[in-house]
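Please open the model in your viewer and keep the selection tool at hand, as this tour moves from one selection to the next.

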Amino acid sequence: MAKVFNWNLGREMAYPYEARSPQRQFAFVFNINRCIACQSCTMACKSTWTFSKGQEHMWWANVETKPYGGYPKFWDMKILELLENANSGGQTWSGEGKSAKNPYGRFEGKTIFEAAENTLVPDSARVLGYLPADEEWNSPNIYEDNPVGDRGVRYQLDQAGVQLPIHKTWFFYLARICNHCSYPACLAACPRKAIYKRPEDGIVLIDQSECRGYRKCVEACPYKKSMYRGNTRISEKCIACYPRVEGTDPESGGQPMETRCMAACIGQIRMQGLVKVNADGTWAEDRAHPLYYLVHVAKVALPLYPQFGTQPNGYYIPPRWVPRPYLRQMFGPGVDEAIERYTNPDRELTAVLQLFRRSNLIIYRYEIKEGKKIYEGTLNGKPYALHNDTVIAYNRDGKEIFRTTIEEPVHIRPGVHANSI
Ligand code: SF4
Ligand code: SF4
């Protein structure tokens with residue numbers, strides 16, 4: 001296997017192909033603290049791409065209730081268990097060598113590519129994975145709203161943990177799509193080389209004319225976001241709504257637009273963009289890009305299961321009420337710093353968080369104009385001031401898309417209405 005640099009892990013790792021970075025990379029940030037599990041994203045995707053015969057079980061975008069929910073059933077517990085069995089007790093982060101390039105320090109365990117080198121017959125599989133059984137795809141929203149608690153005890157309310165910062169009775173909603181990984185496991189596993197990563201935006205696609213339905217991608221993807229379609233005998237996956245991202249959607253006016261699942265988000269938890277990347281796969285410095293700011297400057301958004309090794313391009317602001325060991329397993333060692341920063345936001349973070357879902361066009365740059373102080377007091381026991389700053393978003397061509405303020409504007413309606421009583 002070749003050696004590639006994985007900045008999520010702070011080290012080189014084995015991967016079947018040489019690294020080749022796209023000009024820009026499709027990436028997104030989801031703020032889990034805001035998700036209400038309305039499933040508008042799920043249905044926006046379903047009604048656009050997977051409404052046909054043979055796609056009934058296919059949910060390219062889904063929202064599952066953690067810790068028990070999962071689509072397919074128990075996908076993350078299963079792959080974590082396989083990794084643990086392959087490297088018992090060794091799946092740890094040393095945190096060494098933290099730098100701008102390695103914000104989470106070093107991962108000392110094995111990725112799904114490295115674990116496959118030692119545990120499987122060479123070349124029978126390049127990636128450690130498993131093929132879910134048909135029935136595991138049957139219940140996409142299983143365990144919806146199920147909190148943790150003692151098994152078999154109903155209506156149990158944990159009196160000791162009903163206040164922030166951490167609840168003892170908890171659940172949260174994890175919204176998921178394909179991560180359009182920098183080192184895709186689906187692509188690595190395909191014996192027909194039918195899967196490719198686009199050089200212009202890093203979107204990972206399955207060439208439908210090349211695929212023969214061997215399901216190696218379904219087996220290899222640790223996030224289980226490649227899916228098999230029985231009536232065509234071909235695998236399919238999220239295509240990142242690429243006509244929208246390319247700016248060829250009739251509504252776009254020629255400008256890159258965010259995907260359908262992002263645009264439909266009622267909770268305003270989602271922001272998607274195209275980030276600049278260096279030749280080694282790290283993000284190029286782009287200080288005024290909102291995703292670069294959230295991931296690399298504020299460090300509030302973290303990769304989903306970075307230890308798998310695919311360098312996913314989906315980043316999450318972790319839910320602040322959930323026990324930290326669970327979150328550290330899911331998002332890596334950056335969790336405590338991310339929650340501390342999100343809970344006590346500075347002026348810039350407060351402004352950037354206003355950019356979520358004010359427009360469906362992709363934001364390439366933001367700018368903040370300072371406004372007057374509107375509140376002074378304390379937040380979480382610390383001195384705090386809130387300013388009514390204005391944040392301005394710009395499109396690919398440097399044109400303003402919108403501007404918004406921290407304080408919501410007050411609209412005073414005229415006193416007489418048709419239905420006035
Ligand atoms: S999430 Fe899975 S299907 Fe998507 S690019 Fe990564 S490995 Fe491939
Ligand atoms: S649309 Fe947004 S708020 Fe609703 S379930 Fe999806 S991610 Fe959560």
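Select the shell around ligand 1, which by class holds eight nonpolar, four polar and two charged residues; here Ala, Val, Leu, Ile, Met, Phe, Trp, Tyr, Cys and Pro count as nonpolar, Asp, Glu, Lys and Arg as charged, and the others, Gly among them, as polar. Of the 14 residues around ligand 1, the nearest are Cys-178, Cys-181, Pro-184, Cys-186 and Cys-221, where being near means that a C-beta atom, placed from the backbone, lies within 6 Å. This is a predicted model, in which local features need pLDDT of at least 70 and side-chain atom pairs count only at pLDDT 80 or more, while totals for chains, interfaces and linings use all residues. Residues are numbered from 1 along each chain as its sequence is written, and chains are lettered from A and ligands numbered from 1 in the order in which they are written.

Now select helix α1, residues 40-49, in which Cys-41, Thr-42, Cys-45 and Lys-46 are buried, that is, have 20 or more other C-beta atoms, placed from the backbone, within 10 Å of their own. Seen down the axis of α1, these buried residues fall within an arc of 130° and so line one face of the helix, the arc being that of the directions from the helix axis to the C-beta atoms.

Methods
Buried ≥ 20, exposed ≤ 12 C-beta atoms within 10 Å, placed from the backbone. Helix = DSSP H or I, 4+ residues; strand = E, 2+ residues; numbered from the N terminus.
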